[in-house]
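Hello,

Here is the structure we talked about handing over. Please open it first, then read the notes below.

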Amino acid sequence: MFGTGYMANVGVIPALAGRGDLVVSDALAHASIIDGCRLSRASVRVFPHNDAAGLERVLRAEAGGGRRVLVALDGVYSMDGDTPPLRALCDVARRYGAMLLLDDAHGTGTLGPCGRGTAELCGVSADIDLQVGTLGKALGSFGAYVAGSRALRELLVNVARSFIFSCALSPPQVAAARAALEVIRAEPWRRERLQANAARLRERLAQRGISTEPSTTHIVPVVIGGNDRTMAICEGLLARGFYAQGIRHPSVPEGTARLRLTPMATHHEAEIDALVDAIVAELAANP
Ligand SMILES: *Cc1c(COP(=O)(O)O)cnc(C)c1O
């Protein structure tokens with residue numbers, strides 16, 4: 001257990017890779033992975049987003065010579081709602097003897113038959129060396145977990161600085177996360193409803209000519225473009241009773257400001273449909 005997902009990545013990556021080693025991360029990896037890479041002092045290379053052939057090119061050029069190699073990925077990209085081609089990426093990592101770290105902050109509790117996340121969804125749980133996830137998103141608590149072999153866990157509690165030099169989680173945070181895990185286990189309808197609501201939202205928007213590409217999950221982006229237009233639409237939606245967070249640079253590239261829609265399991269279909277109508281109206285009202 002780490003204090004947060006951010007602290008998990010800045011602790012785990014330097015624990016596994018140091019000077020002379022290689023860390024390869026996806027071009028859209030979360031800021032905490034980027035900062036973990038920097039702190040590790042390893043050579044850092046980036047491969048094109050979700051591109052297994054691109055990862056292979058980097059590993060072919062850079063791996064080898066007994067160098068330790070770590071590949072770091074997100075399970076769900078938090079600004080676009082897409083997931084990586086994990087089967088292909090795991091195969092490449094394995095072929096080059098690289099360790100694979102999956103940060104499944106947004107997949108934990110929301111994806112996969114048992115809610116274990118993107119690796120479970122893709123059937124590659126056995127090929128992930130380390131899975132990191134936050135307790136602060138679907139679990140509604142605070143903190144983070146790192147799951148891996150006993151040997152890796154043993155290493156982390158002895159080496160990861162953000163684990164050693166920071167307080168443990170408080171008992172209420174742990175109790176809340178444990179209770180959430182029980183809900184995840186016992187109430188699969190919640191993630192089924194969540195994904196059904198997200199799918200309905202994507203479909204209804206598409207029917208109105210509004211793209212949510214490349215999302216396949218409960219993070220549903222509507223790219224608007226300019227900052228001012230995005231925030232005007234965000235305000236307009238708020239006045240209509242919908243909270244749709246506007247996201248701007250530096251969270252996303254300049255010129256791709258967007259609404260980031262995050263439906264819940266408890267939303268009703270009528271609410272999803274009303275949101276779609278409201279977005280259509282606000283897009284028209286803010287040309
Ligand atoms: C939110 C997020 C984090 C950070 O988790 P916290 O517990 O909020 O620090 C790390 N990685 C990814 C991919 C995230 O989406």
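R200 counts as buried, because its relative accessibility is 17% and the cut-off for buried is under 20%. Bear in mind that this is a predicted model.

R200 forms a salt bridge with D273, with the closest N and O atoms 2.8 Å apart. R200 sits in helix α9 (residues 189–207) and D273 in helix α11, so the pair ties together parts 73 residues apart in sequence. D273 is partly exposed, at a relative accessible area of 22%.

The structure holds 16 salt bridges. Two further examples:

- R45 and E62 meet through their side chains at 3.0 Å, N to O. The pair links distant parts of the chain: R45 is in strand β2 (residues 43–47), E62 in helix α3 (residues 52–62), 17 residues apart. R45 is partly exposed at 33% relative accessibility. E62 is partly exposed at 24%.
- R185 and E182 meet at 2.8 Å, N to O. Both lie in helix α8 (residues 171–186), 3 residues apart, about one turn of the helix. R185 is exposed at 59% relative accessibility, while E182 is partly exposed at 39%.

Now the helix pair. Helix α10 (residues 227–239) packs against helix α11 (residues 269–285) at an angle of about 135°, the axes being 9 Å apart. That makes α10 oblique to α11. The crossing is right-handed. On α10, the contact uses R229, A232, I233, G236 and L237; on α11, A278, I279, E282 and L283. By class, the contact has 6 nonpolar, 1 polar and 2 charged residues.

Best wishes

Technical notes. Residues are numbered from 1 along each chain as its sequence is written. This is a predicted model: local features need pLDDT of at least 70, side-chain atom pairs count only at pLDDT 80 or more; totals for chains, interfaces and linings use all residues. Side-chain values use heavy atoms; hydrogens and water are left out. Axes are lines fitted to C-alpha atoms, for helices over the stretch in contact, and angles run from 0 to 180 degrees between N-to-C directions. Helices (H or I, at least four residues) and strands (E, at least two) are DSSP runs, numbered from the N terminus. Angles under 35 degrees count as roughly parallel, over 145 as roughly antiparallel, 65 to 115 as roughly perpendicular and the rest as oblique. A crossing is left-handed if the near helix is turned anticlockwise from the far one by less than a right angle, and right-handed if clockwise. Contact means heavy atoms within 4.5 Å. Ala, Val, Leu, Ile, Met, Phe, Trp, Tyr, Cys and Pro count as nonpolar, Asp, Glu, Lys and Arg as charged, and the others, Gly among them, as polar. A salt bridge is a side-chain nitrogen of Lys or Arg within 4 Å of a carboxyl oxygen of Asp or Glu. Buried means under 20% relative accessible area, exposed over 50%, partly exposed in between (1.4 Å probe, protein chains only).
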